[in-house]
Structures are given as C-alpha cells and as structure tokens.
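Reader: Could you walk me through this structure, one question at a time?
Author: Gladly, let us look at it together.

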Amino acid sequence: MPKPIVDVAIAILIHRGKILVGWREEQQHQGGKHEFPGGKVEQGETPEEACRREIYEEVGIGLKDWHQFDYIHHEYDDIIVNLHLFHSYVPDELLNLIHQPWAWYTRDQLLHLNFPKANKDIIKRLYWPHFIKISPTLTPVENDDTLVYWRSEKDSFDQADLEKLALLDTDQLSKLIVNVDVWHKLKRELKSHIKTVHLKQSQLMSLRKGDLEVGVRFIAACHDAVSLQHAQQIGCDAVFISPVKPTTTHPEALALGWERFADLAQKSQIPVFALGGVHPDDLATAQKHGAYGLAGIRNF
C-alpha cells in the first residue's frame with residue numbers, strides 16, 4: 001500500500017537573528033519534538049498562501065513579505081512529506097501578538113533542540129559557524145566552527161580550479177564559500193555540495209527579490225545601510241559588514257569603527273559578520289556590538 005503524501009508549508013520566522021520555534025504535542029505526527037510553525041497545504045491553496053494562513057492562525061500575526069527558503073522531500077516510515085519553506089522577518093511591533101508557547105531561539109540553540117528528521121537540512125542552513133576565513137588558495141577546513149571563503153585572485157576560474165575542488169570531500173565542500181560568478185560555472189553535482197554563495201556589493205545591488213536560487217545560502221558584502229537593507233529585502237541569509245578597522249588589503253577604505261558597525265548591525269535581522277582588520281580574539285567585542293561572527297584574511 002503506497003504511503004500517503006502530504007504537502008506542508010513551513011515558516012522560518014526571524015527576529016533580530018533569533019528563530020521562532022514551538023513544540024509538537026505527543027499525539028501529533030512526529031510528536032514530542034520541536035517544530036517550526038506551519039501546517040498542511042489545503043486543496044486550492046498555494047504553499048505560500050497556506051504559510052500565510054497557518055502563521056496567522058497558529059502564531060497570531062499577519063506578515064506581508066515572504067521569501068522562498070527551500071523545498072524538502074522526506075520519506076518517513078509511515079508518510080511522505082513535501083516541505084515548502086518560506087522565511088519572513090517579524091518586526092518589533094508584532095512581538096506581543098505572538099501566541100504562547102512559541103519561543104525565540106538563537107541559531108546556536110537550534111543545534112540542541114529535538115526536531116523531526118525532515119528538519120535536519122533546515123537546521124544546517126540556519127546555523128552559521130562563528131568564523132569565516134577568507135583565502136586566495138583553496139584549503140580544507142579543519143575547524144568545525146569555521147567556513148572558508150575561497151576568493152581567487154585570478155580573473156577567471158579554470159580547469160585547474162575545478163580539479164582542486166574535485167579533491168575535496170562533501171563535508172569540506174559544505175564548509176566552502178565561493179562567489180556567485182564561480183558558483184554559476186560549476187556542474188550541478190558540485191554545486192549541490194557547496195552550501196554557501198557570496199555576493200559582492202555590486203552583485204547584490206543588481207539583484208531583486210525572487211532572483212536568488214531557492215535552497216541556496218547567500219552571504220552578501222555590505223558597506224552601508226542601503227546595501228544591508230537590500231540584502232534583507234531580496235532574502236540573503238547573512239552579510240559581511242566592512243571594513244571595521246583599517247586594513248592593508250583596502251587601505252583606501254574608510255574604517256567604520258565599532259560604534260558605527262554596531263549602528264548598522266543592530267538594524268540587521270540576519271547574521272552579521274564583522275570584516276576588516278579583526279582578529280579571532282575580537283569575537284566577544286564583535287558580539288557585544290551586534291555581530292554574529294568574524295571574518296578575515298591575514299589574522300585568520
């Protein structure tokens with residue numbers, strides 16, 4: 001007898017870097033576990049319409065702007081679920097309208113909650129390591145709390161680069177960041193293993209809502225409030241804000257300083273990585289000023 005197939009709309013609700021999570025009652029399918037808000041797509045509804053309705057009914061708030069986040073097909077022992085995921089930002093003025101017992105969790109805390117197996121890839125995307133090493137050479141990542149942004153200094157991406165990528169295993173590829181121009185040149189299988197794509201500020205500002213590929217994590221370079229707001233509007237997952245301090249890489253760039261950095265970071269709904277003249281030992285200082293993590297070249 002074939003397993004029933006259920007389409008479910010799921011919402012990733014974000015407020016200043018935290019994610020809204022609830023708890024499934026024991027009598028529900030996959031009961032006794034944490035869950036993101038959402039529910040079954042009813043006949044005649046699109047997944048996004050179902051998501052809007054479920055969030056209004058379950059959480060108690062109506063949100064206008066939604067971004068497609070991902071699509072997950074998962075087979076349990078008794079049922080097949082198609083998860084249609086969307087994300088949206090919750091403004092301060094709606095916080096008091098949220099029903100109980102929904103609660104906000106940091107991205108670090110998500111790793112320790114008990115979610116259904118179908119949510120495994122969602123957690124992987126929502127959690128960011130706290131350090132990003134920017135390197136002109138392709139080097140394997142040894143630290144679990146570090147990603148590597150391979151920023152090639154060459155003008156083009158050649159066969160030798162592809163061969164270097166092919167030597168990395170899937171775990172190492174999942175910790176790698178490449179620029180969107182490089183990513184577009186990769187074959188589909190290789191693309192599927194690289195989970196994070198970088199956008200320069202010029203690339204970011206040329207994109208509009210709906211242009212980002214669904215299911216891919218994007219991090220954008222931002223140097224001002226306008227680019228930071230645009231990154232959120234088109235659905236980026238995180239941003240670099242730079243330069244925090246003077247750097248030898250870009251000596252002509254005016255450093256923001258921690259106070260100006262904090263002013264920008266506090267306006268962000270998505271994780272912010274401080275970049276430019278910072279050292280791994282600056283993590284506590286950066287987080288005090290609103291950063292999620294740090295990124296750097298020489299000091300890393």
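**A guided tour**

Author: The structure holds 1 cavity of 30 Å³ or more. This is a predicted model, where local features need pLDDT of at least 70, side-chain atom pairs count only at pLDDT 80 or more, and totals for chains, interfaces and linings use all residues. Residues are numbered from 1 along each chain as its sequence is written, and side-chain values use heavy atoms, with hydrogens and water left out.

Reader: What volume does the largest cavity have?
Author: A cavity is a set of points, on a 1 Å grid over the protein atoms alone, where a 1.4 Å probe fits but cannot get out, and lining residues have an atom within 4 Å of a point. The lining of the largest cavity includes Phe69, His87, Arg107 and Asp237. A volume is the space filled by probe spheres set on the points, which are joined across faces, edges and corners. For the largest cavity, that volume is about 50 Å³.

Reader: In which order do the strands close into a barrel?
Author: Strands here are DSSP runs (E, at least two residues) and helices likewise (H or I, at least four), numbered from the N terminus. Two strands pair if DSSP finds at least two bridges between them. Strand S8 (residues 131–135) and strand S15 (residues 293–296) pair in the parallel sense over 3 bridges, with Phe131 opposite Leu294. The pairing in the barrel is parallel, and its 8 strands follow the order S8-S9-S10-S11-S12-S13-S14-S15.

Reader: Is Asn82 buried or exposed?
Author: Asn82 lies in strand S6 (residues 80–89). Its contacts (heavy atoms within 4.5 Å) beyond four places in sequence include Ile5, Val8, Tyr71 and His73. Buried means under 20% relative accessible area, exposed over 50%, and partly exposed in between (1.4 Å probe, protein chains only). Because its relative accessible area is 9%, Asn82 is buried.

Reader: Which side chain makes a polar contact with the side chain of Asn82?
Author: A polar contact is a pair of N or O atoms within 3.5 Å; within protein, one must be able to donate a hydrogen and the other to accept it, and residues adjacent in sequence count only if both atoms are side-chain atoms. For Asn82 the distance is 2.7 Å, and the partner is the side chain of His73.

Reader: Which residue caps the N-terminal end of H9?
Author: Helix H9 (residues 225–234) lies across strand S12 (217–222) and strand S13 (238–241). Its buried residues include Leu228, Ala231 and Ile234, and what covers the buried residues of H9 includes S6, S12 and S13. Just after H9, Gly235 takes a positive phi of about 100°. At the N-terminal end, a side-chain oxygen lies 3.3 Å from the backbone nitrogen of Val226, and the capping residue is Asp224.

Reader: What is the relative accessible area of Gln109?
Author: Gln109 is found in helix H2 (residues 107–110). A polar atom of the Gln109 side chain lies 2.8 Å from the backbone nitrogen of Thr106. Gln109 is partly exposed, with a relative accessible area of 37%.

Definitions and conventions: Axes fitted to C-alpha atoms, helices over the stretch in contact; angles between N-to-C directions. 1 Å grid on protein atoms, 1.4 Å probe; cavity = no way out; pocket = protein on both sides within 12 Å on 5 of 7 lines; lining within 4 Å.
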